[in-house]
Amino acid sequence: MDPFKNKNLWEPYRKNRRQYKEIFNHQDGYKTLIESTERLAYLIRSYSVYSMTCAALGHPGGSFSEAELLATMYNYVLRHDPAEPSWPMRDVFYLSKCHACPGLYAALALAGYFPVEDLGRYGSWDSYLESHPDSTTTPGIEIAGGSLGQIPGVAVGRALGMRKRGPDHFDRMIYVLIGDGECNEGSVWEAFMAAGHYQLDNIVFIIDNNKVQAKGFVNSDMSIEPLADKLAAFKITPWEVKNGHNVAELVDLFNTLHTQRRGKPNAIILNTIKGKNVADCQLNPNWHTSAPRETGMAQSWLKELWDRDGKRLGIDEDFPVMLGKAIRVVPPLHDNPDEIVDRQA
Amino acid sequence: MAQFTIPGRDTTKEMRYQMGYALADLAKEYPDIVAVDADLRTSSGLHIFGHFFPDKLIKVGIAEQNMISVSAGLSQEGYIPFPCTFDAFSRRFLDQLYVSVAYSNLNVKVLGAYAGLFTGKAGATHQSDKELGILLRIPGLNVLEPGSNEEMRQILRCAVETPGPFYIRIVRCEVEDNEVGEGYKFQPGKGVTVVDHGHDAGIVTTGFMIRTAKSAAEKLLKKGIKVRIDHHPSLKPFDRDLLYDMASKVPVMVTAENHCTSGGLFSLVAENLAKEGRQKKVGAIGTDPEDFIHTGHVNDLLAHYKMTSDDIVNMVISLLD
């Protein structure tokens, strides 16, 4: 089986992704939606392992914690068009915790923004998949980033800009995914303050509350609690997803949020597990940065992902094996007469 | 996954880790030293300091601006704070550094880790090759860029023992323990002649590039071209006398820096030569100031920006033609 060209792995839930159609849990199609979103989340993790290992680079922890959220966004919530990434009527999704882009790249590739096999060129010289996202080269990336805390403000500006143009029948929305550690940055709170002040109800802040930051635990390095109270004090309505890996809970909340445009911004505290579904990585700051150093480890991660999710979702057992075999660590293109040692992160 | 271990003092050659050890050693002697971390300690090397002095490692979370402001406050209570984050993120706290630290002349010693191109493929947001442009224009700020671990240790000591604001660029990659020679003593504000084969051409270096320049000098010697290398670990204040001495002896010069070719070492050399009316051909080795440095293996980056020893050799030869 070709792990890059298999249409049976996943197909978008909606044929026309420019249109949004709510599906509630009593309706036909709800079960299919949940399953297809779970498949997408499984594939996001698997292809992230593939791209990071090829690159000898990446941030597994954050890429795994956001997988279900990304899957829900690209399979259900967002109105977008991979064939025309700059379609003016699209909903905007910003990834503010940009280091977690291996997850986003996998989601964009699967959604059809670029070929899935290109994920193997992540982080290599002359590739359009930068180590941190570059909106000038990568289709589907709304803004460049990699220095934390800047994009929430960008999202506010964009939401404000949309509103100033006056109502349109698309009622476009802005979604921005922020790290919990990222909330240490003062600029995040400047953005929250502005969103509350301008009563921007076309923006949803999503905080990936995975409890771990680069070098430790958020609560012991610089606590952001009580987060819901702080958001409320900034005139933002806080919502909580108890299990950010439960797709049904995510779908249900977004269904609710569509009725919650009440002159206040919304924020979702998304309780997740950093490194979710790979035991080595779960809640382990060591795997914030660092990709598997050898293919064998990546292959065992892929197997583990399949055991936890792929199997029950009916993914062929060959898929993780073939994807693991496809891994080629991209070597430097040039020799260096000076033999400099700058180790893999 | 190896980042949360403490690399052996005798086995690691990476400057970031040796910096962690050096700072811990100094803290035994100077109990007022504290380190301030913005969630990068195991990357910057501060975790080694924190291993020995957990109470002296102050964590401010992912908040670079606050890291500098907090350091300014700590220094006002008599501490000697060493805030440390990636050199690239100096772009985030420039105003805090400018106003709270430099303008107020406070005793804060900023460590810029992952200086230049060596970031372990972290891409344009983490590569710091433009920052000297403003850092070198902040009044009263001492800016230093060591090229070997021994020099780094001496510079840290100098920073502790000299009142006032410092900015020290630290590389991530492996470096030699001593590039200058036995008995080398770093002197504040001074450069040092490292190689003196002859005066066919002069190479001016700072920081990491001393290693590349020395290798180029050997290759040039084999071709019969005898060069002198002046190493300038102190970028601010800059050793003009040493520059003028070299300029009076060599027909052409090449600058080599782990930074772009504008705003840093090349600009210092060009400005100072022009000021004295000393016309000279000066080639510049470094990155392109018009580029965001895209993600790539260091080999690819150094090849693309022509920053290897072979490139220095070629530039010297072409200037002499």
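Reply: A crossover is called right-handed if, with the strands pointing away from the viewer, the path from the first strand over the helix to the second runs clockwise. Helices (H or I, at least four residues) and strands (E, at least two) are DSSP runs, numbered from the N terminus. The model is predicted: local features need pLDDT of at least 70, side-chain atom pairs count only at pLDDT 80 or more, and totals for chains, interfaces and linings use all residues. Residues are numbered from 1 along each chain as its sequence is written, while chains are lettered from A and ligands numbered from 1 in the order in which they are written.

Me: Which elements make the right-handed β-α-β unit in chain B?

Reply: The unit consists of strand E3(B), helix H5 (residues 90-103) of chain B and strand E4(B). E3(B) and E4 (residues 109-113) run parallel and are joined by 3 bridges; two strands pair if DSSP finds at least two bridges between them. Within this pairing, B:Thr85 stands opposite B:Gly112.

Me: What else is joined to E3(B)?

Reply: Strand E1 (residues 33-37) of chain B is also parallel to E3(B), with 5 bridges between them. There, B:Val34 has B:Pro81 as its bridge partner.

Me: Why is E3(B) described as largely enclosed?

Reply: 7 of the 7 residues of E3(B), residues 80-86, are buried, so the strand is largely enclosed by the rest of the structure. A residue counts as buried if 20 or more other C-beta atoms lie within 10 Å of its own, exposed if 12 or fewer, and partly exposed in between, with C-beta atoms placed from the backbone.

Me: What is the strand order of the open sheet with mixed pairing?

Reply: In chain B, 5 strands form that sheet in the order E7-E9-E8-E11-E12. Strand E7 (192-196) and strand E12 (281-287) are the edges, each pairing on one side only. E11 (residues 252-260) and E12 of chain B are parallel and share 6 bridges, and B:Cys260 is partnered with B:Thr287.

Me: Now the domains. Where are their bounds in chain B?

Reply: Domain 1 covers 15-169 and domain 2 covers 192-320; such bounds come from an automatic or database domain assignment. Their C-alpha centres are 26 Å apart. In chain B, 23 residues of domain 1 are in contact with 27 residues of domain 2, contact meaning that the C-beta atoms, placed from the backbone, lie within 7 Å. The largest share of the domain 1 side, 3 residues, comes from E5(B).

Me: And how many residues of chain A are in contact with chain B?

Reply: There are 39 from chain A, in contact with 41 from chain B.

Me: Which peptide bonds are cis, for instance?

Reply: One of them joins A:Glu225 and A:Pro226, with omega about -5°. A:Pro226 sits in the loop between helix H7 (218-222) and helix H8 (227-233) of chain A. Another joins B:Lys236 and B:Pro237, also with omega about -5°. B:Pro237 belongs to the loop between strand E10 (234-236) and helix H9 (240-247) of chain B.

Me: Is A:Lys235, with its positive phi, buried or partly exposed?

Reply: A:Lys235, whose phi is near 65°, counts as partly exposed because it has 16 C-beta neighbours inside 10 Å. A:Ser290 likewise has a positive phi, about 100°, but counts as buried because it has 21 such neighbours inside 10 Å. Most residues other than glycine have a negative phi.

Definitions and conventions:
Contact = placed C-beta atoms within 7 Å.
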